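Thanks, everyone. Let me take you through this one quickly.

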Amino acid sequence: MNISSNKIKHNNWRIIFGVWLIYFSFGFCIGSMSPLVHFITNDLSISYKKMGIILGSWQFVYILCAIPAGHILDKFSYKKCLLIASIIMSLSLLCRSLSIDFHQILLAVSLFGLGGSIISVGIPKIANTYFTGKSKMIIMGILMTGPALGSVICLTITSLIFLPIYNDNWRSILFIYSFLPLICGLTWIILNINKSDIKIQNETFSIREQINTINLFIKNKRIFLILILAISAFYLNHGIGNWLPKILISKGISISSASLLAAIPIFIGIFSALILPRFAIAKRRFYILIYLFLNAIFALILLQNTSLIYLLAGLVFLGITTGSLIVILLTHLTDTNIINKKQSGLSGGLFFTMAEIGGILGPFSIGLIYDYTNDFNNALYFFSIVFLCMLIPLLLLKKLD
């Protein structure tokens, strides 16, 4: 099954929409925890440091599974892999709703990393296999709106609908949410039930060949620098994203309003993912990346204020960066000459494996800093310093390009 580099063939919209739908449920699941952090920590008597460990636990499992997931996606049918991933996500949410202590909810959240790795690694694999050039950037941008929209809807309906209906009972809310990934997975199967050629035929790699290829990728200076930047991108996305409602609550904003305001950067990020990546090609890519990193620093400074106007501006600027930064870095990686299409699953697995190091450290560092200083502004200040330091590998990357 081949797709033109410029347009999608007839009926192939089912694959794109099906993948987008599952990616939507992926983002919905990620967004399900942040508006409930306040209630979970109080109900289970969990410190912020421990909550940071919980929020970053699925990323740890993700790191262990991302490269094997890339190998699986290179070898087996997308149809079965994505359905299994959806079932795993549903089980994760279900187990969270049944958890009664720190260890149980830690294991439940960790389970999500197994299904999540299969899904997110498959996105660049699909885009890189079927599309090239500008069309690939557009499709990547479209697919990346899935998790963003899922998070926005989750934050919104949790605050406006489910928290009032269930009287702040976080267990009942997560139990209801556990059905969504399964429904999306079954819809994916129904949409593609007559498609027997979803499996993409590639050469099979041995484990040794996989390891040698990974070593080759990491030794490439361009890929190495992109991976460093990817770590910082996930550090920001998962760190601030998971704690944002709680950060806003510390500024004097009510619990329900905080969750709604936390949806602003995700909503802005949807438009950012659709617009900016299509321009981030050739020499313009570096200048757009510079802008996104500086913009993130500015956003983190604004979020240290208590004035609503400054906070709203910070949330908007934050969304511009978080919405498109990962997309641009990922396509930057797949455009590297030494990566061919049959290795796109493996390269995507490597990208997300390294990037999720930031996904683990981000939520944990905020919880740790707050436990010791009792001030989220110290964490925001630390994050801004991290992003300022990331200008160094970005400038080194410019020299290689």
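**Two loop asparagines**

N374 sits in the loop that runs between helix 14 (344–373) and helix 15. Helices here are DSSP runs of H or I with at least four residues, numbered from the N terminus. A word on the source: this is a predicted model, local features need pLDDT of at least 70, side-chain atom pairs count only at pLDDT 80 or more, and totals for chains, interfaces and linings use all residues. Residues are numbered from 1 along each chain as its sequence is written, and side-chain values use heavy atoms, with hydrogens and water left out.

Back to N374. Its phi is positive, near 60 degrees, in a residue other than glycine. Buried or exposed? N374 counts as exposed, at 56% relative accessibility. The cut-offs: buried is under 20% relative accessible area, exposed is over 50%, partly exposed is in between, with a 1.4 Å probe and protein chains only.

N167 is the other one. It is not a glycine, yet its phi is positive, about 55 degrees. N167 lies in the loop between helix 6 (133–165) and helix 7. It is exposed, with 65% relative accessible area.

**The salt bridge**

How many salt bridges? The count is 1, taking a side-chain nitrogen of Lys or Arg within 4 Å of a carboxyl oxygen of Asp or Glu. R171 pairs with D43, and the closest N and O atoms are 3.5 Å apart. The pair links distant parts of the chain: R171 is in helix 7 (residues 170–177), D43 is in helix 2 (residues 37–43), and 128 residues separate them. Both ends are partly exposed: R171 at 24% relative accessibility, D43 at 43%.

**Helix packing**

Now helix 10 (residues 221–250) and helix 15 (residues 376–389). Their axes come within 11 Å and cross at roughly 160 degrees. That makes helix 10 roughly antiparallel to helix 15, the class for angles over 145. Axes are lines fitted to C-alpha atoms over the stretch in contact, with angles from 0 to 180 degrees between N-to-C directions.

N295 is in helix 12 (residues 284–302). N295 and I320 are 25 residues apart in sequence, and their C-alpha atoms are 7.9 Å apart in space.

How values were computed:
Angles under 35 degrees count as roughly parallel, over 145 as roughly antiparallel, 65 to 115 as roughly perpendicular and the rest as oblique.
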